[in-house]
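This report describes selected side-chain features of one protein structure. Please keep the sequence and the model in view while reading.

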Amino acid sequence: MTALDSLCDYFERLSPATLGELETFYAPDAWFKDPFHEVSGVAAIRAILKHSFDKLPDARFRVTRRFPGEFGEAVLLWGMDFTMPVTGAPTTIVGATHLSFDTDGKVIRHRDYWDAAEELYARLPVLKWLMRGLARQAAARLPAGLARN
């Protein structure tokens, strides 16, 4: 099993109970960035994940595709399933992660890409209305033929 395979398995069983295993997969000074955070170090990454599980206790990740690359890099496509706290609705955020590994197979860079506006804010009742209004205004200002359907 490759380092990427092991990491994907870990992501799919990630929970508050498995946060203690983070050092197995991440280098001590690993860098992490997502739409809301940018931190370095396993302790800081664990704190972000713990906070996420505190807010979304039923959150689970599904790795849907993996693209191993050259030079110790990889890209993952994933879904995070959870219950939206405000509405109680089952929700999935879809995103991608760019990973870099050291020579020991541990993650040294973890960059998550996902659209917080579309995947999160637009699903909240009050913000949904605001986001739709902003999208309509932006589309109205695009040249003819470029507006989204």
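The sections below treat a helix face, aromatic pairs, salt bridges and a few surface features.

The model is predicted, so local features are given only at pLDDT of at least 70 and side-chain atom pairs only at pLDDT 80 or more, whereas totals for chains, interfaces and linings use all residues. Residues are numbered from 1 along each chain as its sequence is written, and side-chain values use heavy atoms, with hydrogens and water left out.

**Helix α1**

Helices (H or I, at least four residues) and strands (E, at least two) are DSSP runs, numbered from the N terminus. A residue is called buried under 20% relative accessible area, exposed over 50%, and partly exposed in between (1.4 Å probe, protein chains only). Helix α1 spans residues 3–12, and its buried residues are Leu 4, Leu 7, Cys 8, Tyr 10 and Phe 11. These residues lie on the same side of α1 because they cover an arc of only 160° around the axis; the arc is that of the directions from the helix axis to the C-beta atoms. Contact here means heavy atoms within 4.5 Å.

**Aromatic pairs**

Rings of Phe, Tyr and Trp (its six-membered ring) pair if their centres lie within 6.5 Å; planes under 30 degrees apart count as stacked, over 60 as edge-to-face and the rest as tilted. The whole structure holds three aromatic pairs. One of them is stacked: Tyr 10 and Phe 25, at 4.5 Å centre to centre and with 20° between the planes. This pair joins helix α1, which holds Tyr 10, to helix α2, which holds Phe 25, across 15 residues. Tyr 10 is buried because its relative accessibility is 0%, and Phe 25 counts as buried because its value is 11%.

Phe 61 and Trp 78 form an edge-to-face pair, because their ring centres are 5.9 Å apart and their planes stand at 75°. Phe 61 is in strand β3 and Trp 78 in strand β4, so this pair ties together parts 17 residues apart in sequence. Trp 78 is buried, at a relative accessible area of 8%.

**Salt bridges**

A salt bridge is a side-chain nitrogen of Lys or Arg within 4 Å of a carboxyl oxygen of Asp or Glu. Seven are found in the whole structure, including those tabulated here.

| Salt bridge | N to O distance |
|---|---|
| Asp 5 and Arg 66 | 2.7 Å |
| Arg 13 and Asp 9 | 3.4 Å |
| Arg 46 and Glu 23 | 2.5 Å |

The bridge between Arg 46 and Glu 23 links helix α3 (residues 42–55), where Arg 46 lies, to helix α2, where Glu 23 lies, 23 residues apart. Arg 46 is partly exposed at 22% relative accessibility, as is Glu 23 at 36%. Asp 9 and Arg 13 also belong to a network of salt bridges with Glu 21. Asp 9 is partly exposed, at 40% relative accessibility, and Arg 13 is partly exposed, at 35%.

**Surface features**

Ala 89 sits in the loop between β4 and β5 and is partly exposed, with 30% relative accessibility. Apart from neighbours within four places in sequence, Ala 89 contacts Phe 82, Thr 83 and Met 84.
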